[in-house]
Amino acid sequence: MSMTTAAVLGTGAWGTTFAQVLADAGVEVTMWGRNADTVSFINGRENPSYLPGITLSERISATGDIADAVEGKPLVVVAVPVKAVRRTLESARDYLAPEVVLLSLAKGLELGTLRRVDEIIADASGVPGRRIAVLSGPNLSREIADRQPTATVVASGDVELAKEIARTCHNPYFRPYVSTDVVGTEMAGATKNVIAVAIGAAEGMGLGLNTRSTLITRGLAEMTRLGTALGADPATFAGLSGIGDLVATCSSRLSRNFSLGHRLGSGMSMAEAMALSPGVVEGVASAGPILQVAASVGVDMPITGAVVEVVEGRATIEDMGRMLLARPQKMDGWKIELV
């Protein structure tokens, strides 16, 4: 099935940006969203709530009718928050094309089930895993909406499907690479959001580059430990969906996760910091589930654990720093080897 048309489920910043990416690659895109005002604005070629100042392509339209959005579309892109993925796909399920391909942009784990997004999509849609792919990388939506160059990873168990999706969204400023490591790509995207909260907090406290570099490096180590314990290729974490996405998310106020951490480090309460966050902060939503998965496979994740203590109200930002610095000595590297 030729991917000359697509649906994007979700009208937030990343969903709208990716619709623009597809449109700039020559694809006709129908977006779906629940907010009637946002749908109307997109049909007027803007999304001022999430991407002010960006004029959207004439190839993009929007609707509040999910059946209208997905019917006959060979490619359906899932760009809603993780907590909304299941109900959104259940609503779309009866209208999906027989050989539809589903591409996930969401990053995180489902509260309660602890499932990855590709697993949620398979459950909710009935589409087999061979027709599901995930996309992840250093993809801050505002920069891409401004058509600044970036790269990304499209991962699927079917490498030919990953290649086809990569060709479909490749344009002059958006360069997709291909992977078959769905588990690694998913877990890198989920865990880096949690690390970004910690790094934002450190900067909000006024700490410098040594602290940031330490947290990025040790954060990458615990991401890699968890991923490999779940069957991922450790090399994935050295690539775009691992260190690439981690550096971008941990370095920019454009990241909701980094920004929330920064507000916490500056002295705000969790409630105050969350109230100022535009959209869902997946690092907060996924921190607990990620730590539960880590415990189930015997993986130590101290930074993630410290973030969970803070977001669940059992520790302060200052406590988080003390917890991490008081840990036992160990050898450098991503494996746990005590000195």
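**Exercise 1. Find which residues Lys192 is in contact with, leaving aside its neighbours within four places in sequence.**

Solution. Begin with the term: contact means heavy atoms within 4.5 Å. By that test, Lys192 is in contact with Lys107, Met223, Asp245, Leu246 and Thr249, its neighbours within four places in sequence being left aside. Helices here are DSSP runs of H or I with at least four residues, strands are runs of E with at least two, and both are numbered from the N terminus. Finally, judge the exposure of Lys192. Buried means under 20% relative accessible area, exposed means over 50%, and partly exposed lies in between (1.4 Å probe, protein chains only). Lys192 has 5% relative accessibility, so it counts as buried.

Two notes on the source apply throughout. This is a predicted model, where local features need pLDDT of at least 70 and side-chain atom pairs count only at pLDDT 80 or more, while totals for chains, interfaces and linings use all residues. Residues are numbered from 1 along each chain as its sequence is written, and side-chain values use heavy atoms, with hydrogens and water left out.

**Exercise 2. Say which residues touch the most other members of the largest nonpolar core.**

Solution. Define the core first. A nonpolar core is a set of buried Ala, Val, Leu, Ile, Met, Phe, Trp, Tyr and Cys residues joined through side-chain atoms within 4.5 Å. The largest one has 44 residues, and Leu226, Leu260, Val307 and Met320 touch the most other members. Now ask where the core comes from. Helix 8 (182-204) and helix 9 (209-229) are among the helices that each supply at least two residues. The largest share, twelve residues, comes from helix 8. Then zoom in on Met320. It touches Ala198, Ala201, Ala306, Val307 and Val310, not counting residues up to four places away in sequence. A second, separate core has 37 residues, including Met31, Leu56, Leu103 and Ala162.

**Exercise 3. Decide how many residues of strand 6 are buried.**

Solution. Count along residues 132-136: five of the five are buried, so strand 6 is largely enclosed by the rest of the structure. Sort them by direction. Ile132, Val134 and Ser136 point one way, and Ala133 and Leu135 point the other way. Now find a partner. Two strands pair if DSSP finds at least two bridges between them. Three bridges join strand 5 (residues 101-104) to strand 6, and the two run parallel. Leu103 stands opposite Ala133.

**Exercise 4. Count the aromatic pairs and classify them.**

Solution. State the rule. Rings of Phe, Tyr and Trp (its six-membered ring) pair if their centres lie within 6.5 Å; planes under 30 degrees apart count as stacked, over 60 as edge-to-face and the rest as tilted. The count is two aromatic pairs. Trp14 and Phe18 have ring centres 5.9 Å apart and planes at 70°, so this pair is edge-to-face. These residues are four apart in helix 1 (residues 13-24), about one helical turn. Phe18 and Phe174 have ring centres 6.0 Å apart and planes at 70°, so they too are edge-to-face. This second pair links distant parts of the chain: Phe18 is in helix 1 and Phe174 in strand 8 (residues 174-179), 156 residues apart. Put together, Trp14, Phe18 and Phe174 form one aromatic cluster.

**Exercise 5. State how many disulfides a search of the whole structure finds.**

Solution. Apply the cut-off: a disulfide is a pair of cysteine sulfur atoms within 2.5 Å. The search finds zero. Cys169 is buried, with a relative accessible area of 1%. Cys250 is buried as well, at 0% relative accessibility.
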